[in-house]
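Keep the sequence and the model side by side while you read.

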Amino acid sequence: TASPSLVEKANNIFVFVLGLAFLGIVGLGATTADFSNLVDLSQQHPEKVVDAFPIIFLSLVYQNVVPTVVNQLEGDRSKITKAIIAGTTLPALMFVAWNAVVLGNVQGTELGSIDPVALLQSGTGGNQLLGNLVTTF
């Protein structure tokens with residue numbers, strides 16, 4: 001079996017590669033996205049936000065994460081608070097960036113009839129590097 005330090009090193013490498021792929025996707029995807037529909041008030045549907053609440057709360061998974069964080073940070077309340085705030089804020093920002101790029105690239109299309117990830121994988125706007133990064137991610 002692999003030692004915990006070896007597993008941690010491998011995990012760090014994989015997370016780094018995923019982070020680079022994500023940054024590449026957002027950076028390249030933003031160049032082909034049309035963000036005007038994302039802020040156009042006629043395209044907004046606030047009445048549908050309530051339908052997303054179960055998914056939003058389920059995605060937080062605090063019941064799984066907090067005990068591990070408390071244990072790893074040896075009960076230091078200040079560090080735990082910082083870790084939970086940063087651990088919630090960073091993924092939320094990543095989620096918003098991902099959705100902005102995906103929705104900005106599929107605007108003007110009926111979202112129910114296409115797979116936005118497949119669209120990005122196909123190399124939207126002739127950008128095959130974007131397609132390769134999405135496949136890697």
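Is Leu28 buried, partly exposed or exposed? Leu28 is partly exposed, because its relative accessible area is 21%. Buried means under 20% relative accessible area, exposed means over 50%, and partly exposed lies in between (1.4 Å probe, protein chains only).

A word on the source. This is a predicted model, in which local features need pLDDT of at least 70 and side-chain atom pairs count only at pLDDT 80 or more, while totals for chains, interfaces and linings use all residues. Residues are numbered from 1 along each chain as its sequence is written, and side-chain values use heavy atoms, with hydrogens and water left out.

Leu28 sits in helix α1. Helices are DSSP runs of H or I with at least four residues, strands are runs of E with at least two, and both are numbered from the N terminus. Now look across from Leu28 to Leu133. These two are 105 residues apart along the chain, yet their C-alpha atoms are separated by 9.4 Å.

Leu133 belongs to helix α7, residues 128-136, whose buried residues are Leu130, Gly131, Leu133 and Val134. Viewed down the axis of α7, the buried residues fall within an arc of 165°, so they line one face of the helix. That arc is taken from the directions from the helix axis to the C-beta atoms. The cover over these buried residues includes α1 (4-32) and α6 (116-121).

Go back to α1. Val17 lies in this helix. Val17 counts as partly exposed because its relative accessibility is 41%.

Step back to the whole chain. It has seven helices and zero strands. Of its 137 residues, 17% are buried. Take the contacts (heavy atoms within 4.5 Å) between residues at least 6 apart in sequence: 55% join residues at least 24 apart.

How far can you trust it? Mean pLDDT, the predictor's confidence from 0 to 100, is 81 for the chain, and 88% of residues reach 70 or more. Confidence is highest in α1, at a mean of 89, and lowest in α6, at 72. Where pLDDT is low, the predicted coordinates should not be read in detail.
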